[in-house]
Each structure stands twice: as C-alpha cells, then as structure tokens.
Amino acid sequence: MQEKYTDNQSTKDKGDVLEQNVEHLFRVAKFKTSRNVRIASYEIDVVAELGDRRIIIECKNYQNSTITIRNLIHQWSSKNDIIGAHKIIIVIAGMSIKDSDRALASSLDITLWDEDDLGSLFKESLKPESFRNKLLENISLKRI
C-alpha cells in the first residue's frame, strides 16, 4: 500500500489514507478517478470511471464503530437507486467481514473489500499489465 496507518493519526486521516490507497489501485488499472465528489447530494469517497462505467467506492475505517456492515450495505444499495452507478464497492478497514455480510452484498451486486482484500489487490497491482483484468474480475464488472 502507498501509505500505512499510524497510531497517532486521527480517524479522518486514516480514512484519507484508505481513500488514497483505493484510488491508487484504480489509477494503476487505468481508470479515471476522483475523490470526495458530490453526486445526487451524497459525498462519494472515490469515483472510478472506465469508459461509460462508473464505480462508486465508499471507504470506512472502523476502529471503534457501532454501525453494522449489514446496515452500510443496505444504505449504499438504496443510495445507488438514486446515483445509478454501475457498481458499488465498500472498503472496510478495522473490522472483519462476515460471510453473511459478503453474501448480502453479493445479492445486491455490491463488492466488499477488507484489509486482506486490499493487500491482495496491491500485490496484484505490481503487475500492471494484467492488473486491470484481475480488478475487473474481482468487482464483477464486465469488460467494455
């Protein structure tokens, strides 16, 4: 990963680092990216575009949170009814993702990534010539 968390960083700083790292992955895969964009009155952490495809990425760094991943999945499924993105990805650091949450997300065509998923993607990104296809497979976004 580009940057790592340190103990003395604020929650916002840790969230910014997470967003930067996720944006980096999509840039390596030759997506057009932008951060902290407003779409339909929602602030989107990272927007990644490939051709006419728009991917919305929500990054959450949960060290001490009460929100459930399940609620977050439902929130973003509803938000996407308004936003109309081709894909929603929720990236969660600081918590483990249950199989039941992954199943719910998959049923709503949302991709969940945890820190292990990010680590694997960063390893894959070291081979940029094949990384785009691996990323497209990972998020189940069909090639254009």
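Is Trp-113 buried or exposed? With a relative accessible area of 1%, Trp-113 is buried, where buried means under 20% relative accessible area, exposed means over 50% and partly exposed lies in between, for a 1.4 Å probe and protein chains only.

Before you select anything else, note that this is a predicted model, in which local features need pLDDT of at least 70 and side-chain atom pairs count only at pLDDT 80 or more, while totals for chains, interfaces and linings use all residues. Residues are numbered from 1 along each chain as its sequence is written, and side-chain values use heavy atoms, with hydrogens and water left out.

You will find an open sheet of 5 strands in the order 1-2-3-4-5, with mixed pairing, where two strands pair if DSSP finds at least two bridges between them. Strand 1 (32-39) and strand 5 (110-113) are the edge strands, each pairing on one side only. On average, neighbouring strands of this sheet are turned by 30° against each other, direction ignored.

Now follow strand 1 into strand 2, which pair in the antiparallel sense over 7 bridges. Ile-39 stands opposite Tyr-42 in strand 2, and in this hairpin, with 2 residues between the strands, Ala-40 takes a positive phi near 50°.

Move on to strand 2 and strand 3, whose pairing is antiparallel over 5 bridges. These strands also form a hairpin with 2 residues between them, and Gly-51 in the turn has a positive phi of about 60°; Leu-50 has Arg-53 in strand 3 as its bridge partner.

Next, select strand 3 (residues 53-61) together with strand 4 (residues 87-93), which pair in the parallel sense over 7 bridges. Here Ile-56 has Ile-88 as its bridge partner in strand 4, and Ile-57 stands opposite Ile-89. Strand 3 is mostly covered, with 7 of its 9 residues buried.

**Helix 2**

Select helix 2, which has 15 residues and reaches 20 Å from its first C-alpha to its last, close to the 21 Å expected at 1.5 Å a residue (the expected span is 1.5 Å times one less than the number of residues). Its buried residues are Ile-69, Leu-72, Ile-73, Trp-76, Ser-77, Lys-79, Asn-80 and Ile-83, and what covers them includes strand 1, strand 2, strand 3, strand 4, helix 3 (99-107) and strand 5, with contact meaning heavy atoms within 4.5 Å.

**The rings**

Finally, show the side chains of Phe-26, Phe-31 and Trp-113, which ring pairs link into a cluster. Rings of Phe, Tyr and Trp (its six-membered ring) pair if their centres lie within 6.5 Å, and planes under 30 degrees apart count as stacked, over 60 as edge-to-face and the rest as tilted. By this rule the count comes to 2 aromatic pairs. Phe-26 and Phe-31 form an edge-to-face pair, 5.1 Å centre to centre with 90° between the planes, and both of these residues are buried. The pair of Phe-26 and Trp-113 is stacked, at 6.0 Å centre to centre and 20° between the planes. Because Phe-26 lies in helix 1 (residues 11-28) and Trp-113 in strand 5, this pair ties together parts that are 87 residues apart in sequence.

How values were computed. Helix = DSSP H or I, 4+ residues; strand = E, 2+ residues; numbered from the N terminus. Axes fitted to C-alpha atoms, helices over the stretch in contact; angles between N-to-C directions.
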